[in-house]
There are 2 protein chains.
Amino acid sequence: MGGNTREVGRTSASRLLAVLGVFSAAQPVLTLSEIAEASELPASTAHRLLGELVEWGALERTSDGHYQVGLRLWRIGSLAPQQRDLRAVALPFMEDLYAATHENVQLAIRDGKKALYLDKIGGTRSVDTVTKVAGRLPLHATGVGKIILAFSEPELLHLVVEDGLERCTPHTITMPGRLAETLRRVRADHVAYSREEMTMGAASVAAPIFGVNAQLLASLAIVAHSSSDVERFAPAVRTAALSVGRRLADLSAPVSARR
Amino acid sequence: MGGNTREVGRTSASRLLAVLGVFSAAQPVLTLSEIAEASELPASTAHRLLGELVEWGALERTSDGHYQVGLRLWRIGSLAPQQRDLRAVALPFMEDLYAATHENVQLAIRDGKKALYLDKIGGTRSVDTVTKVAGRLPLHATGVGKIILAFSEPELLHLVVEDGLERCTPHTITMPGRLAETLRRVRADHVAYSREEMTMGAASVAAPIFGVNAQLLASLAIVAHSSSDVERFAPAVRTAALSVGRRLADLSAPVSARR
């Protein structure tokens, strides 16, 4: 968050970014005083910056005087290439996976010590999940997160363990030794499971998407009711993840040469 | 664009927004000098602002020194409620429509005098389209755009005609009288077609999504090969669009009471 710097020495630009930084999935609609407090700005400064942000279209004012993110900021944010390029390549394969299984299909990448969900698709008959697009979930409790932990540098696991393995449900793996053992199996099988470890009632199976240099780019998962046998989806998820990687490799020459 | 104001009287915050505003779907990756020129800022000012934007995570610097939009801006942009709430409700119905037809399914809203695409889904077997998520296309040449024109205030049609009806393909409707006649049929049928009017080889069928007050919220469409009989998809698209509207109405009490 941008709000933890002191007023002295802050540039006007950094104050504007601090205002934008207080909006989050947990707090998408805010009042002037909430924004001023969270960004550590005087109300008059926050009010002036909010006026500029609204005029430009980064924020919108609701009929009851609250502030929320505007469509222009969404349009510009959608240009982020990690999100846009990977999503564009992965989405058709995700659709095919959904058509074949009618379960939720999710695409996630690493963002610091969390799994960031780039996209999710699911029909009216799929299980409800806690995942939100652009939302973040813990690495140790999710299928996509275990893939990220298994195929990133070992330092990431140390950092996550150091923070403590939060117990999201009674089934979450909270013992570092058991998590390390699980990740060894994930590295051998190229598939990771989460069985009611993030959300009671839901189970997931995830597979890695690798780039041309065998570096992990993303993780693809199916999330289904915990009562269903998610292991039977493993070949489909692995196949789709491999297909995305192959398509990215096909595109890699023109992508690196673009513009 | 924020770049059309003069240097005198510009605040530091407005300069920062001008830098963000030069990024577009047509120009997602830019050099320092391109950014300085498009935002009408001295290179030294642009360089300092780019440094702040990169540090905060709004932009990223590529290995070859270009600038592109960063994941943090994507995360915050994704909070835009028009995009987020409508997409969350519409997506399961879009998935079902895709599963039933295996054609591209698109969701668009009005943004000024253009159709703004909030989402698109399509499998590996669907026709290629020019649509990009967060991209904008002309109202008079697309199925979703004709829905928007037909069910918005008449003033919008006047504005669009005043700008001139651009000929996107040889089949684009460029005569105001013929467009008005087409829109009368769209209002009667609650369905709009575009047959190679935007892109050669592609045809679309679109239907309106109405809010609780019978106001147009969005438009839903199927885009298929122009050789296919898109009329046979009309009942499916209309049904899905009605289902989204019904679901939005079901949710409208808690939505208006939220926070």
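The legends below describe close-up views of a predicted model. Local features are described where pLDDT is at least 70 and side-chain atom pairs count only at pLDDT 80 or more, while totals for chains, interfaces and linings use all residues. Residues are numbered from 1 along each chain as its sequence is written, chains are lettered from A in the order in which they are written, and side-chain values use heavy atoms, with hydrogens and water left out.

**View 1. Strand β5 of chain B and its partner strands.** Strand β5(B), residues 114–121, is paired with β4(B), residues 104–111, through seven bridges, and these two strands run antiparallel. On β5(B) there is also an antiparallel pairing with strand β6(B), residues 136–138, over three bridges. Helices (H or I, at least four residues) and strands (E, at least two) are DSSP runs, numbered from the N terminus, and two strands pair if DSSP finds at least two bridges between them. Ala115(B) is the bridge partner of Arg110(B), and Ala115(B) also has Leu137(B) in β6(B) as a bridge partner. Two residues lie between the strands in the hairpin of β4(B) and β5(B), where Gly112(B) takes a positive phi near 65 degrees.

**View 2. Gln106 in strand β4 of chain B.** Gln106(B), which lies in strand β4, counts as buried because its relative accessibility is 2%; buried means under 20% relative accessible area, exposed over 50%, and partly exposed in between, with a 1.4 Å probe and protein chains only. Leaving aside neighbours within four places in sequence, the residues in contact with Gln106(B) include Tyr117(B), Asp119(B), Thr131(B) and Leu220(B), where contact means heavy atoms within 4.5 Å.

**View 3. Salt bridges between the chains.** A salt bridge is a side-chain nitrogen of Lys or Arg within 4 Å of a carboxyl oxygen of Asp or Glu. Arg87(A) forms one with Asp119(B), the closest N and O atoms being 2.8 Å apart, and this pair crosses from helix α5 (residues 81–101) of chain A to strand β5 of chain B. Both Arg87(A) and Asp119(B) are buried. Asp119(A) and Arg87(B) form another salt bridge, with closest N and O atoms 2.8 Å apart. Arg87(A), Asp119(A), Arg87(B) and Asp119(B) are linked in a network of salt bridges.

**View 4. A salt bridge within chain B.** Between Arg110(B) and Glu153(B) there is a salt bridge whose closest N and O atoms are 3.1 Å apart. This pair links distant parts of the chain, with Arg110(B) in strand β4 and Glu153(B) in the loop between α6 (143–150) and α7 (154–162), 43 residues apart. Arg110(B) is partly exposed because its relative accessible area is 33%, and Glu153(B) counts as partly exposed at 41%.
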